[in-house]
Amino acid sequence: MKLLSSLFAAQSGPAVRQEAPQGSPLGRRGRRGIGKTEFTSYYGRPILKKPHWVWPVWTYFWLGGVAGGASTIAALADLFGDKELDKSIVRAGRYVSLAGMMVSPVLLIIDLQRPERFLHMLRVVKLKSPLNVGTYILTITGLLSGFNAARQVVEDGFIPEESLPGKLAILSSSDATQVLQGVAGLGLGGYTGVLLSATAVPLWGDNSKILPPLFLSSAFATGAAAITLVQALGGASEEEMERLDGIEQVATLSELALMSVAAAKLKPEMRKAIGNYRFFFLGAMLEGVIAPLLLKWFGPKHGQGLRVINIIRAVLTLGAGYMLRFAVIEAGKATAQDPDSYHAITQGRARPTPEEQARQGQELQTEATQAI
Amino acid sequence: MANGFFTDTTLCIGCKACEVACKQWNQLPADGYELTGMSYDNTVALGATTWRHVAFIETMEGKPKLPMANTTMSTVGTKSAADGGGPGNLPLINMDGKAGLQVGFPDAGRWLMMSDVCKHCTNAGCLEACPTGAIIRNEFGAVYIQPDICNGCGYCVPSCPFGVVALQHDDGRAFKCTLCYDRQKEGLEPACAKACPTDSIRFGNLDDLKMQARQRVAQLHERGQTNAYLYGVDEETTVGDLNAFFLLAAEPGAYGLPEKPVLPQSRVAESWLSAAVAAVAFTIVTALSFKRKR
């Protein structure tokens, strides 16, 4: 017996936990100067499964952000703004948010693989599931947006105030519904970041504190841009358009800051897995932050020139927001397919060592023998 | 009473009977006839229609020695431990007749097999993520997707820390191992465990299985297999212990398992908090920017 065990000792002691040499299907070591990291993998196959999400999802993330940002900006403009000067912002904000809220649920429903069961989303309340919470946020924002936009429609004289729809519209909307829409809009702009963070996808999970503020920054930037676009096309005055410049700049610069932090602390494995998607992140920052700022500083300051510049800036910012959502989702999928990226965020001591486990097992064996 | 699987990979012979039995009992369609060319594993991964997957870890590069004591063989070239040969003064030869430790299959390499399955985690990422409540924990302690509720949102797929759940493309819903809910209701063990010819897959009460498993580790260590350890038992992870746990003989990564799995929802609170901080900051900035007089 002792003989046999000594035989096996010679065999299996170092046999399996040894380091796999370079090029082995079991592991690659120090690849491309990554340095200390050395992970084993199952023939380099993905550990995780990537989500099926494509254009409806990133379009919704973008559009929900635009609508959410516009909702909050409109509510704050009405509460704190100048009654005359900021009127066009409130008005544009309500319409932008209504437009977004009309398309968003459609995008989400067509993304479901069983769209006819979309109402199942509302059969439970699960606070730990950001997708579940988000569905409620979307539903509430949509309802309030409808109420407040209906009031705007009546105030703009499209529907007579004395008619039944007119009376209902005035009844359904108040300062309270407007404030609530502003709060819900914050949730709508931010929850998508939480939704991504609460997955096993390495890029998203590792940026759980950056994604929500990043998406919220983008929501404010794109929301303000959409309002500016409506103002510029609708013939608002220079003073009226200028009122949103501050918010736009704060939002875009905080986007840039958050992206820089994320890029600086990005793990080398993920940097490699993301590959060329980095150009979309870079493009989003150039298009959405740098270009609009340069246009603002060096472009025409008055007249028709300013109006054109404002339109270009708004379109660039909106496009950049779209590109950002696309890049985050697609780059996330790329890291989900990369076993090294996943190993990099699932390191640490999780269980007793083989020796400790054996000792524990021996004690159990002894107990069992004594019991007999 | 929670039931589960104890998959002892040191007993697995890679026959794939579990895969076949699972497909047959659960009426899962075939996955095609593609050959991977990387190993005997042409199933590749768990999926919507593959609820058991036998992984084959094959490599010629580890070259562990496989000494075989064969007293009936000739002792040509025999060396004792005293003069640097095999341990325990056993006559050892190579197949090519040269003296040394390596007897049997030269360059046999490393060949491990493991029947992978849904882990039915104590804290399951898919279950927490599911927005419809389609994913539940059933009376046998298993994580179960109710097919009449699932609307195919796909959020459970990236929320599984082990990459188990998947959407079935033509059907639209998410599927994974049910721990043979239907068979358990009739008092039967799951099809894979029933079919396993070496009892590598054991099914039963989790407490009993864990006791068996711990003793099995000690037994293997006594025999010299000191790399044997349990994956999914007595763990300090946010996922908790696994209702389908494994006895492994290599690092988790080699089997396509994470070293320390993390429950995705353990990040939800901090993530919401960061959203709230940003929301308050933007509200204040926006309000101030409107308040300023021209």
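## Cysteines and disulfides

The count of disulfides over all chains comes to 0, where a disulfide is a pair of cysteine sulfur atoms within 2.5 Å. Take C15(B): the closest cysteine sulfur belongs to C18(B) and is 6.3 Å away, too far for a bond. C22(B) is in no disulfide either, since the nearest cysteine sulfur, in C180(B), is 6.4 Å away.

How exposed or buried are these cysteines? Buried means under 20% relative accessible area, exposed means over 50%, and partly exposed is in between (1.4 Å probe, protein chains only). C15(B) counts as partly exposed because its relative accessibility is 41%. C22(B), at 7% relative accessibility, counts as buried.

## What kind of model this is

This is a predicted model, in which local features need pLDDT of at least 70, side-chain atom pairs count only at pLDDT 80 or more, and totals for chains, interfaces and linings use all residues. Residues are numbered from 1 along each chain as its sequence is written, chains are lettered from A and ligands numbered from 1 in the order in which they are written, and side-chain values use heavy atoms, with hydrogens and water left out.

The predictor gives the complex an ipTM of 0.88 and a pTM of 0.86. Chain B has a mean pLDDT of 86, with 81% of its residues reaching 70 or more; pLDDT is the predictor's confidence in each residue, from 0 to 100. Look with care at residues 62-104 of chain B, where pLDDT stays under 50. For this stretch the model has 70 contacts beyond four places in sequence, a contact being heavy atoms within 4.5 Å.

## The two chains

Helices (H or I, at least four residues) and strands (E, at least two) are DSSP runs, numbered from the N terminus. Chain A has 15 helices and 2 strands, while chain B has 7 helices and 10 strands. Of the 372 residues in chain A, 55% are buried; for the 294 residues of chain B, the figure is 59%.

Now consider contacts between residues at least 6 apart in sequence. In chain A, 76% of them join residues at least 24 apart.

## The largest pocket

Rolling a probe the size of a water molecule over the atoms shows where empty space is left. Here the search uses a 1 Å grid over the protein atoms alone: a cavity is a set of points where a 1.4 Å probe fits but cannot get out, and a pocket is an open set with protein on both sides within 12 Å along at least five of seven lines. Lining residues have an atom within 4 Å of a point. Grid points are joined across faces, edges and corners, and a volume is the space filled by probe spheres set on the points. The largest pocket holds about 1200 Å³ of space.

Its lining has 45 residues, and T43(B), A45(B), L46(B), G47(B) and T50(B) lie nearest the centre. By class, the lining has 20 nonpolar, 15 polar and 10 charged residues (Ala, Val, Leu, Ile, Met, Phe, Trp, Tyr, Cys and Pro count as nonpolar, Asp, Glu, Lys and Arg as charged, and the others, Gly among them, as polar). Which element gives the most to the lining of the largest pocket? That is α1(B), with 3 residues. In chain B, α1 (17-26), β2 (52-59) and β6 (166-167) each supply at least two lining residues.

## Two alanines to find

A45(B) sits in the loop between α1 and β2 of chain B. With 31% relative accessibility, A45(B) counts as partly exposed. Leaving aside neighbours within four places in sequence, A45(B) is in contact with K49(A), T50(B) and H53(B).

A275(B) belongs to helix α7 (residues 268-291) of chain B. It counts as buried, because its relative accessibility is 7%. Not counting residues up to four places away in sequence, A275(B) touches V194(A), P212(A) and L216(A).

## Positive phi angles

Most residues other than glycine have a negative phi. H120(B) has a positive phi, near 45°, and lies in the loop between β3 (110-117) and α2 (125-129) of chain B. With a relative accessible area of 1%, H120(B) is buried.

D234(B) also has a positive phi, near 55°. Its place is the loop between β9 (229-231) and β10 (244-248) of chain B, and D234(B) is partly exposed at 30% relative accessible area.
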